[in-house]
Amino acid sequence: MIKKICDVAIIGAGVVGTAIARELAQHDLSIVLIDAASDVGDGTSKANTAILHTGFDMVPGSLESRLVARGYHLLAAYAAEVGIAVEKLGALLVAWSDEELANLPKLQAKAVENGYKDSVLISATDVYAREAHLGKGALGALYVPGEWIIDPWTPIVAFATQAKLAGAEIRLNTKVTGVSIGDIHTLHTSDGDISARYVINAAGLYSDEIDGAFGIKDFTVVARRGELMVFDKLSRTLISHIILPVPSSMGKGVLVSPTVFGNIMLGPTAQNLDDKSASGSSEDGLKFLREKGSRIAPELLGEEITAIYAGLRASTEHSDFQIRAHENRYITVGGIRSTGLTASMAIAEHVKELLVAGGLSLGDTKALPHVSMPNLGEAFKRPYQDESAIAENSQYGEIICHCERATRGEVMDALDSAIPPTNMGGLGRRTRAGLGRCQGFYCHSELRKLLEKK
Amino acid sequence: MKRTEVDVLIIGGGPAGLAAAIELKKSGVKSVRVIERERVAGGVPRHSFHPGYGLRDFKRFLSGPRYAQKYVDAAVAAGVQISTSSTATTWISEYELEVTAPTGLEVISARSIILATGARERARAARAVPGKRPAGIYTTGSLQQSTYLEDLEIGTRAVVVGAEHVSFSAVMTLKHAGVKTVAMLTDKNKHESVGLVRFALGIWYRFKLITKTEIVEVLGDKRVTGVRIRRAGVESVIACDTIVFTGNWIPDNELARRGGFDIDITHKSPLVDAASQMQRPGIYAIGNLVLPIKAADQCAVDAKIVARKVAASLR
């Protein structure tokens, strides 16, 4: 038997890995994208703060600054093309102390250094004119109109879908257990060996371990837990911008932001952990968020909590992204922080350049098959509101998840899609079903039945 | 878009909504329309398969599903129009609502609108219980639907959080599903159900009622492996594969709030006057939308009284 050798193997199907797979799928290459989880975007990527960053507050001159600024435009255009919800809210960096107020002009100057020129300093009066429900004591703000909110889940599914339709192989439930380095690398996995000329490590929390298997030690990943509270949709009218903290000697603080799904999010905490699987929320973390939240938007704390998440960011001892081409046709894409969503498509472009510089011949370029993603955004028409969609398929008129108004038609579409969900979480990320305030009081059993039937 | 006019539009086809609809028809109101978002009308009793329903209204001891069916049958016989799989989504004007159904969109205008959207149990997140998010976590509602309506696999050992009336209903459902209840936890000093119920079920199902205890962490990765609890400052772990969060009700007040109606701070129910009228003439709230929680038959009995007043106001 002749073993198949692919051109590029990508380890990790988060937002970065899927973006790279999509980018490379435009060329005449055989690509395999693998992940230990049963779904794409099931690790760090799923608990993102869902902001499309301009990169105004990055370290000027850093790789992260460049890729976030470029990725912002790429992802905004991609979102418009395939139908991913974006709301152009703008951010307010609100100063609550004299120190923070004094920092605002510095942040504005830094934004310019990062190539972002549209931020404006505004007075406390203007802050409250924009945000009437903000807590007392705001002294002023830096307004950054270009900071937007985005659906953080659909890009991953869209990237993976396009890559798959263009011929990339996606192998889930496939965990790398070891590697044999050679002219052709062999990845030993829980699902057999995979041979590839080039290997890309986009393994997030485990990127240092994959590096280790290739004999490289450039950084250590520390899981930095970020806990998030999501408040009921009925709170959405309280806040209309992304409320960002001003970095100060007191640390980074937390943000309050609307989500495209129509909720308000509070978080994240930042706590370094030894355990890369400790993605649970904690009593102290939630207490800290409540304290912070009650200062920023006191009325918010009187609203119902819809969900609590904890995500693990792959932080390293370095402040910048850790993207390096090594000898032996091996590239590490590590140290990708919460800006990874915004930067994803620019990271993919950058990685492609590194591959070419490392000798990969791309071959012919082909147009990617067009994909059209289901809209999960509250600001745009959803199937339950769409008379013609319901006329065509009555299942779009059958609301299964009452809280999120997700219909049977959308659930069936997701189950029949190119990258179908494998669990309730995945189904929720594709349809919003089951993610609402009742957390499945009504729809849990129905959704579970449909999923298990599949 | 389809447009319809009715005399009275009722949102929610549980015991309160159906009882009101029947009474309105009996009182001579011409067109009464009930909008029910589930595929079958009847409300929560539909999936509560133990006896204990109907004492106050039917003077009989019925199971939940039989009780629900009696109301649906009576409503149909009385000439009430029930639309199932239909959701009232948006206020179009003060007396008009938009409804989504498999048949399409419809704007229904009414001389009077009664909200009977009920209440739900606070889920784990709403109680801000820390920990991971493994499978095996339910409310009584989702447990009953999984067990009785869908016959899904539940687990082997359960901890029930809460000691209200409904919590004992959860214990009975767990038993039916072949799951042993190992403990019932409450942060209160004692249970909040009828003494006899607690006594009889405690002996029958042999579980421990642990009072003055809070649940501080859900344990388990993919599947629940236990709960960490704290009693008088001391933490311990109970091993289990299933957790049921019971009671701690919150009214389904979304439609009321979206309509601009004020909400009372304690229960988060819409403010109503003595006649159950909300802050706009002709708009009412009945049943468990107006907390504190009541038994289904009590909701129905109260709803009939409101319905007679609504009928009188329309004459």
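In strand β5 of chain A, the side chains of A:Ala91, A:Leu93 and A:Ala95 point one way and those of A:Leu92 and A:Val94 the other way, and all of these residues are buried, where buried means under 20% relative accessible area, exposed over 50%, and partly exposed in between, with a 1.4 Å probe and protein chains only. In a regular strand the side chains alternate between the two faces of the sheet. The model is predicted, so that local features need pLDDT of at least 70 and side-chain atom pairs count only at pLDDT 80 or more, while totals for chains, interfaces and linings use all residues. Residues are numbered from 1 along each chain as its sequence is written, chains are lettered from A and ligands numbered from 1 in the order in which they are written, and side-chain values use heavy atoms, with hydrogens and water left out.

Because 5 of the 5 residues of β5(A) (residues 91-95) are buried, this strand is largely enclosed by the rest of the structure. Strands are DSSP runs of E with at least two residues, and helices are runs of H or I with at least four, each numbered from the N terminus; two strands pair if DSSP finds at least two bridges between them. β5(A) is joined by 5 bridges to the antiparallel strand β7(A) (residues 140-144), in which A:Leu142 stands opposite A:Leu93, and by 4 bridges to the parallel strand β14(A), where A:Leu244 stands opposite A:Leu93.

In helix α7(A), the buried residues are A:Gly285, A:Leu286, A:Leu289, A:Gly293 and A:Ile296, whereas A:Asp284 and A:Lys287, on the other side of α7(A), are exposed.
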